[in-house]
Amino acid sequence: MRASIRRILLLGLLVLLATTGWAAEQPSLSGRVVELALTGPVGPASSDYLLRALEQADHGDAALVVLRIDTPGGLDSSMRDIVQAILASRVPVVGFVSPSGARAASAGTYILYACHLAAMAPGTNLGAATPVAIGPGGTPPGEPAKPEPSDGATADGSRPPAPADTLARKSQNDAVAYLRALAELRGRNADWAERAVREAASLSAQAAMTAGVIEVVASDLPDLLRQIDGRRVAVGGGLATVDVQGREVVPLLPDWRTRLLAVITNPNVAYLLMLVGVYGLILEFYNPGIGVAGVAGGICLLLALFAFQALPVNYAGMALLVLGVVLLVGEAVMPSFGALGIGGVIAFVLGSILLLDRDIPEFRIAWGLILGVGLGSAVGVALLAAFAVRATHRAVTTGAEAILTDCGEAIADFVNGRGPIRLQGEIWQAQCDRPVSAGDAVRVVERRGLIVKVEPMAKDLGWNQGVKP
């Protein structure tokens, strides 16, 4: 155990030294062009990475930040954090949708509009920035919500909108105002920005250039730098000239922290971490020992809770998930012939479905994983119920009732219906209504304290043949 602890401490020290060394080896950013990358869904990991990278570029006096964008969209909270960091940046930030085939959809459109300069590569697109209603009763984009029946009416005779429709319109109007504000701040086409939200409109690179949504169409990074050199942009309340002629480009890639955050905030990984954590702690409580299950379960559960804190969790789904686990554990501890287990499986599956109900596939728990875990739990419940039913038909093997129907041997002749017998290696006083001779096989039919009542057995079914009637 001590050797294992020393190895763990040594490994932790090596990781700490490697991390410190990585931080110390970061190149100087003074007067250089910093290249960042926003790929995949916008979430807690990408937000953490870009916020720290933009802060590092600010403190390092970089000449320019080029943000490559290729995203289908993501979480509103993470997108707003990134937009605020770009707006607060003292270094000009150029949003560049590239390479060809990339897109800045949904949340990516807001981020591109927030950049000081917006550029796209040929064969790319942006738009479809309509906020999607989430959860049961939500309204799909571009489809009006159906008003619920109401007995009241407005002064002009029209009926008031349903609550779901009101919430959808509030969310959409907020998004329109937000994107128009960014468009007006950067001097871009605010009317098309409103269409991107209300109508989920999209544009190709050349069409966006023609519509005044972006400033540059560039084939690659050198072409982009050549076209924007000498442009004046508004930064920090004043005007700054982009001077990138002959400057070195320094890419800042995601570090270990960002990669770790990206892994644990994957809904499927966070879901599995929670299950491993809960079952690990349960196993440790019921089978205390070295503590491996408890330690591993505690670490996994804390990581899962951290991930769920960063993810948009539906708390009704979390409550159903916890209830399902509790019922499944209850079935294992006090078998109810499947009643608790079936209810636990149903609550578990429903909670898993509702836990992360989002319009972006990357922020949903995979159906295959939910079905696999649900089927595994159902099989476990079926096995427990089968064992419980079998146990009810099994003869008692321990306790005071274990000797009932057991066979023994008379040690001496019974006198007045009483005599000693050998039963399970012990000498018992027995009572019988019929004559019993020494060596006769007898069977226990009743127990009264320390005296058992027996009856003789047929000669061909002796106890020494190991046969019970």
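**Helix H2 and the sheet around it**

Author: Helix H2 (residues 44–59) lies across strands E1 (33–39), E2 (64–70) and E3 (93–97), at about 170° to E1. This is a predicted model, in which local features need pLDDT of at least 70, side-chain atom pairs count only at pLDDT 80 or more, and totals for chains, interfaces and linings use all residues. Residues are numbered from 1 along each chain as its sequence is written, and side-chain values use heavy atoms, without hydrogens and water.

Reader: Which residues of H2 and H3 meet?

Author: Contact means heavy atoms within 4.5 Å. Leu50, Leu51 and Leu54 are among those in H2, and Ile82, Ala85 and Ile86 among those in H3. The contact of H2 with H3 divides into eight nonpolar, three polar and two charged residues.

Reader: How do you know that E5 and E8 pair?

Author: Two strands pair if DSSP finds at least two bridges between them. Strand E5 (residues 117–120) and E8 have two bridges, in the parallel sense, so they meet that rule.

Reader: Why do E8 and E11 stand at the edges?

Author: The open sheet of six strands runs E8-E5-E3-E2-E1-E11, with parallel pairing. Strands E8 (216–217) and E11 (249–251) each have a single partner strand, so one side of each lacks a neighbour in the sheet.

Terms used: Helix = DSSP H or I, 4+ residues; strand = E, 2+ residues; numbered from the N terminus. Axes fitted to C-alpha atoms, helices over the stretch in contact; angles between N-to-C directions. Nonpolar A, V, L, I, M, F, W, Y, C, P; charged D, E, K, R; others polar.
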